[in-house]
Amino acid sequence: MSLKRNILDLRKRKEEIQKGGGEEAIEKQAQMGKLTARERIISILDENSFHEYDMFVEHAARDFGMEDKILHGDGVIIGTGTIYNKPVCIFAQDFTVAGGSLGLMHAQKITKIMDHALKMRVPLIGINDSGGARIQEGVNSLAGYGEIFFRNTLASGVIPQISVILGPCAGGAVYSPALTDFVFVVENISKMFITGPGVIKSVLGEDISMEELGGARVHAQVTGNAHFFAKNEKECFEQIKKLITYIPWNNKEKAQPFPAKPPKKSKKVERIVPTDPKIPYDMREIIKAITDGSEFLEIMELFAPNIIIGFGRMDGETVGFVANQPMVLAGVLDTDSSDKAARFIRYCDAFNIPIVTLEDLPGYLPGVDQEHAGVIRHGAKILYAYSEATVPKITVILRKAYGGGYIAMNSRHLRADFVFAWPAAEIAVMGPEGAANIVFRKEIMEAEDPEAMRLQKIQEYKEKFANPYVAAAKGYIDEVIEPEETRSRILHALKVSKNKNISMPVKKHGIPPF
Amino acid sequence: MSEEIKLDHLVVQGAMYKTTLTPKFKHRKAWKAPNPNLIYSFIPGTVIDVLVKPGQKVKEGETLVLLEAMKMHNSIVMPFDGEVVKVNVQPKDSVSKKEPMIEIRPK
């Protein structure tokens with residue numbers, strides 16, 4: 001007997017499974033602007049590179065009439081493929097099959113591909129689109145989530161983990177994305193929450209829509225759970241493919257270098273920055289003026305925009321940028337911006353990406369709400385992250401570096417490798433206004449014209465302390481540079497830091513302020 | 001800047017900076033000192049029972065209100081010896097968080 005019949009049978013079986021939850025269910029999803037799980041995988045991966053596994057897995061539910069149901073692939077597709085010809089592991093939950101609900105076998109498929117990603121040291125991309133735990137499978141589905149979270153944690157800092165929220169992701173399920181490095185959301189499609197609007201209404205009487213509670217914009221702007229926000233799935237996949245060009249495949253490698261290219265011709269950097277430290281400018285213009293091709297991939301653009309984080313390239317190599325944004329809240333540090341920057345610094349450090357810090361901040365945001373929200377605990381994260389980072393760390397102080405902000409933004413004292421300052425940089429314990437009011441309080445109070453005296457003392461303080469030379473005289477600043485030298489100085493600093501090798505005290509792990 | 005952006009002000013350590021403000025910052029709640037003579041709901045829920053009347057003398061620790069929230073019955077108790085001034089809730093009322101339920105005064 002020839003194998004022909006078996007082959008035809010196999011094809012038929014596969015064809016059946018590939019229908020997922022059937023045409024009707026697929027159509028319903030399409031109306032919401034959603035692609036099918038398989039289409040999503042194919043859109044992210046290189047053409048014809050997807051190889052699927054565990055297609056014939058069947059669900060394990062034996063109660064509540066579930067034993068008679070056929071759930072194709074148990075609601076999840078797993079496999080491997082390539083992006084720009086480099087290997088990745090991927091899974092996608094299929095909402096058309098039992099609402100993408102997670103049961104024992106569904107979870108086992110996911111953990112199988114996670115184990116594979118970790119073993120092979122390749123990135124893991126997870127597409128989440130699921131109604132949550134499969135209630136009929138009881139504690140087995142909880143076990144499944146637990147196994148996934150555990151693997152997310154093991155893989156953290158070893159391989160890049162990317163979560164794409166393309167549908168609901170509710171209850172315990174949200175914790176897998178929360179444990180991963182980058183979370184992508186799409187407007188009107190992504191929904192993430194621990195307790196849904198229904199429960200909130202019945203228990204607490206608060207009436208809120210799903211979109212307002214945990215929609216894409218909420219997570220990109222308010223909660224900080226999402227790192228990339230897209231208008232539709234296509235844009236989201238482009239963002240993923242762009243991000244992946246900047247990051248290494250695992251923690252033992254470096255990001256793939258690109259051909260070096262100069263920044264696009266733009267305004268001189270010194271023209272972007274007003275001399276008056278109280279007048280804002282868009283720090284992104286500075287970043288784009290110094291990166292290769294003026295390209296910059298901003299991360300968490302909408303959350304805590306008073307600090308900017310993201311990737312650019314310098315001489316072809318990936319660099320992580322952390323920069324204060326004077327355009328928003330004068331660039332202050334606060335609870336949210338500290339969280340945002342600290343986690344990014346740790347990401348860069350884990351994946352061998354040098355960090356360039358561009359500094360211009362007046363200090364921490366004042367307010368009872370900030371103090372009570374724990375700005376001490378949150379602000380400490382930045383100090384911790386910079387201090388423990390062993391990748392090359394370069395700082396450029398553009399204008400202001402006052403007080404605790406000066407220390408926190410990768411100062412020499414936290415072991416920055418190179419610290420540069422522009423000639424008008426004010427490096428001081430606080431701004432001239434605040435300092436003059438304290439230091440010369442008596443003189444100002446006793447003067448005939450206190451206001452005139454105040455202004456005079458501010459000027460005096462400015463000349464004496466609010467400049468880069470006091471810090472340079474102590475060696476805290478390595479060099480005061482001309483603004484136009486910024487790119488060339490950073491390039492050189494990166495070049496000579498390539499073999500940086502320092503060791504930290506041996507420990508199991510630190511206890512960072514969470 | 002290429003496009004015109006409307007700038008606000010932010011004072012940090014005595015200096016006034018021109019900048020934009022985030023929605024989160026604009027919507028932050030101003031802090032108010034709590035009034036010790038107001039008993040607030042600490043959680044949204046439903047009033048099951050009100051055990052006191054205006055003018056009633058109450059000892060510290062006595063229950064004023066039974067509030068059901070998250071399927072739990074919570075006894076809201078008198079924080080010090082005193083008198084009930086005003087009662088703002090009645091049984092079956094649903095209250096949101098931080099609603100002043102009862103006004104009291106010390107002995």
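How many residues does the contact take from chain B, and how many from chain A?

Mentor: Happy to. A quick word on the ground rules: this is a predicted model, in which local features need pLDDT of at least 70 and side-chain atom pairs count only at pLDDT 80 or more, while totals for chains, interfaces and linings use all residues. Residues are numbered from 1 along each chain as its sequence is written, and chains are lettered from A and ligands numbered from 1 in the order in which they are written.

Now to your question: chain B brings 23 residues to the contact and chain A brings 27 (two residues are in contact if their C-beta atoms, placed from the backbone, lie within 7 Å). On the chain B side, the elements giving two or more residues are strand E1 (8-12), strand E2 (15-19) and helix H1 (23-26); helices (H or I, at least four residues) and strands (E, at least two) are DSSP runs, numbered from the N terminus. E2(B) supplies the largest share, five residues. Sorted by class, this side of chain B has 12 nonpolar, seven polar and four charged residues. Here Ala, Val, Leu, Ile, Met, Phe, Trp, Tyr, Cys and Pro count as nonpolar, Asp, Glu, Lys and Arg as charged, and the others, Gly among them, as polar.

Let's stay with chain B and look at its strand pairing (two strands pair if DSSP finds at least two bridges between them). Strands E3, E10, E8 and E5 of chain B form an open antiparallel sheet in the order E3-E10-E8-E5. E3 (38-40) and E5 (57-58) of chain B stand at its edges with a single partner strand each, so one side of each has no neighbour in the sheet.

Strand E4(B) (residues 45-50) runs antiparallel to E6(B) (residues 63-69), joined by four bridges, and Thr46(B) has Glu68(B) as its bridge partner. E6(B) is also joined to E7(B) (residues 72-77), again antiparallel, by six bridges, with Leu67(B) partnered by Asn74(B). E6(B) and E7(B) form a hairpin with two residues between them, and in the turn Met70(B) has a positive phi of about 50°.
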